[in-house]
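Biologist: I have not looked at this one before. Can you walk me through it?

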Amino acid sequence: MGGNGLEIRELECFLVLAEELHFGRAGERLYISQSRVSQLLAALERRIGARLVERTSRRVALTTLGERFLAELKPSYTELVSVVARTRAAARGVEGTLRLGFQGTADARLMGAIESFQERHPACATEIVELPFADPFGAVRRGDVDAAIVLLPVAEPDLVLGPVFSSERQTVAVSVRHAFAGRSSLAAAELAGTPLIAATDPAPAYWREAHAPSGPPAPAVRTLQEGLTLVAADRAAMLLCRPTADYHGRKDVVFVPVDGLPDSVLGMVWHRDGETERVREFARAVAADAE
């Protein structure tokens, strides 16, 4: 702004100086020199027509008028910053609601990505929905969610596989009565004769095989809780990643680490026809959080 109008930089300088009450620290926060802080403050005081800050060799303090100006300016400035952020988000298309599905457990990495996304895009709300164990891709295809965090592998021509993250060691869930219950770990080869609970349709065959390698006949389930209930009843065992095992710990089930199996890995997927700026921005948040 020119003429008698106020400069935003002058207001920012005053607000920071009012918090620090030190010209050097205010300059560090604003990435400007101490002398530039003095210049900006002097320009603001000329526009106001009175002193806002008293400065001596020993201390910096707000004048009575400076205290009043701070009390009235701060909420207005905070709202101005929010308006700019909301408008910027709207201009980029990152507003409205992002519907996000997840399998297994919404672990710390996923929640960290959601928090980062919300901080960057306050005008966009995030809805989180748990996906059935046996239907990792259906919600994305139906448009029930905009994107999903699912267990790999993903080999679906109509879906885009975005950031891949959260590589975790596999564990096998067994009943406390099972022969493996007292083991500290297992080799993958030892599971060859163990019935492993698989997912039912509509999970693709390749996906079901990855999470329950072929072995003796075992029940197939739709949900993770169905699987754990059958495990507790000693009907079969079930492969789970470490965070999911920790989250779903129960007294009648033991989770034994397995050596020699590929890690359990999560990936973000969305439909090729449903890629929006919201989805792209959340993918960036996931990728940044995974680094």
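**Pockets, a sheet and a helix**

Modeller: The second largest pocket has a volume of about 160 Å³. This is a predicted model, in which local features need pLDDT of at least 70 and side-chain atom pairs count only at pLDDT 80 or more, while totals for chains, interfaces and linings use all residues. Residues are numbered from 1 along each chain as its sequence is written, and side-chain values use heavy atoms, with hydrogens and water left out.

Biologist: What counts as a pocket?

Modeller: On a 1 Å grid over the protein atoms alone, a pocket is an open set of points where a 1.4 Å probe fits, with protein on both sides within 12 Å along at least five of seven lines; lining residues have an atom within 4 Å of a point. The volume is the space filled by probe spheres set on the points.

Biologist: Which residues line the second largest pocket?

Modeller: Among them are Leu152, Pro153, Gln170, His211 and Asp263. Helix H7 (205-211) and strand S13 each give two or more residues to that lining. Helices (H or I, at least four residues) and strands (E, at least two) are DSSP runs, numbered from the N terminus.

Biologist: And what is the volume of the largest pocket?

Modeller: About 290 Å³. The largest pocket is lined by 23 residues, and the closest to its centre are Gln103, Gly104, Thr105, Leu151 and Thr244.

Biologist: Switching topic. What is the strand order in the open sheet of four strands?

Modeller: The order is S8-S12-S7-S11, and the pairing is mixed. Two strands pair if DSSP finds at least two bridges between them. S8 (186-187) and S11 are the edge strands, each pairing on one side only.

Biologist: How many bridges join S7 to S11?

Modeller: Four, and the two strands run antiparallel. Ala173, for instance, has Met238 in S11 as its bridge partner.

Biologist: Now H3. How many residues does it have?

Modeller: H3 (residues 34-48) has 15, and it reaches 21 Å from its first C-alpha to its last, close to the 21 Å expected at 1.5 Å a residue. That expected span is 1.5 Å times one less than the number of residues. Gly49 follows H3, with a positive phi near 95°.

Biologist: Which H3 residues are buried?

Modeller: Val37, Leu40, Leu41, Ala43, Leu44 and Glu45. Buried means under 20% relative accessible area (1.4 Å probe, protein chains only).

Biologist: Why does Cys124 count as buried?

Modeller: Because its relative accessibility is 0%. Cys13 is also buried, at 1%.

Biologist: How many disulfides are there?

Modeller: The count is zero, where a disulfide is a pair of cysteine sulfur atoms within 2.5 Å.

Definitions and conventions:
Buried means under 20% relative accessible area, exposed over 50%, partly exposed in between (1.4 Å probe, protein chains only).
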